[in-house]
Amino acid sequence: VAQRSFAQLGRCLGFEARPGVMHFGGYRVGEIHTQYLKILNVSGSAKRLHVINPTTKEFKVRVEKRGVLAAGMAETLAIDFEPTEWRYHY
């Protein structure tokens with residue numbers, strides 16, 4: 001176990017997500033609920049951020065990509081959640 005590298009929640013490969021976990025509680029079916037996720041470059045050098053869109057139809061990501069993210073800079077992503085039924089979405 002000491003030789004293994006395990007991912008930390010909300011942080012990996014020089015990037016940190018704030019908040020580390022998003023929870024869409026108290027939602028209404030058929031309405032769009034938006035939360036914002038800030039991705040911060042915590043490394044000492046510029047890095048390129050690649051955003052992979054969710055595979056579920058209830059979630060969408062909106063971002064204005066700026067190319068390379070300098071050290072200490074952040075990119076803000078809008079996470080849209082539009083539930084179609086009452087159930088646990090992940």
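Lys47 lies in strand β4 (residues 47-48), where strands are DSSP runs (E) of at least two residues, numbered from the N terminus. In this predicted model, local features need pLDDT of at least 70 and side-chain atom pairs count only at pLDDT 80 or more, whereas totals for chains, interfaces and linings use all residues. Residues are numbered from 1 along each chain as its sequence is written, and side-chain values use heavy atoms, with hydrogens and water left out. Lys47 is partly exposed, its relative accessible area being 27%; partly exposed lies between buried (under 20%) and exposed (over 50%), for a 1.4 Å probe and protein chains only. Beyond residues up to four places away in sequence, Lys47 touches Leu13, Gly14, Phe15, Asn41, Val68 and Leu69, contact being heavy atoms within 4.5 Å. Between Lys47 and Gly67, 20 residues apart in sequence, the C-alpha to C-alpha separation is 8.8 Å.

Glu75 belongs to strand β7 (residues 74-81) and is buried, with a relative accessible area of 5%. Apart from neighbours within four places in sequence, the contacts of Glu75 include Leu37, Leu49, Val63, Arg66 and Leu69.

The largest pocket has a volume of about 690 Å³. A pocket is an open set of points on a 1 Å grid over the protein atoms alone, where a 1.4 Å probe fits, with protein on both sides within 12 Å along at least five of seven lines; lining residues have an atom within 4 Å of a point. Grid points are joined across faces, edges and corners, and the volume is the space filled by probe spheres set on the points. Of the 27 lining residues, Met22, Phe24, Leu37, Phe59 and Ile79 are the closest to the centre of the largest pocket. The largest share of this lining, 3 residues, comes from β7.

How values were computed:
Helices (H or I, at least four residues) and strands (E, at least two) are DSSP runs, numbered from the N terminus.
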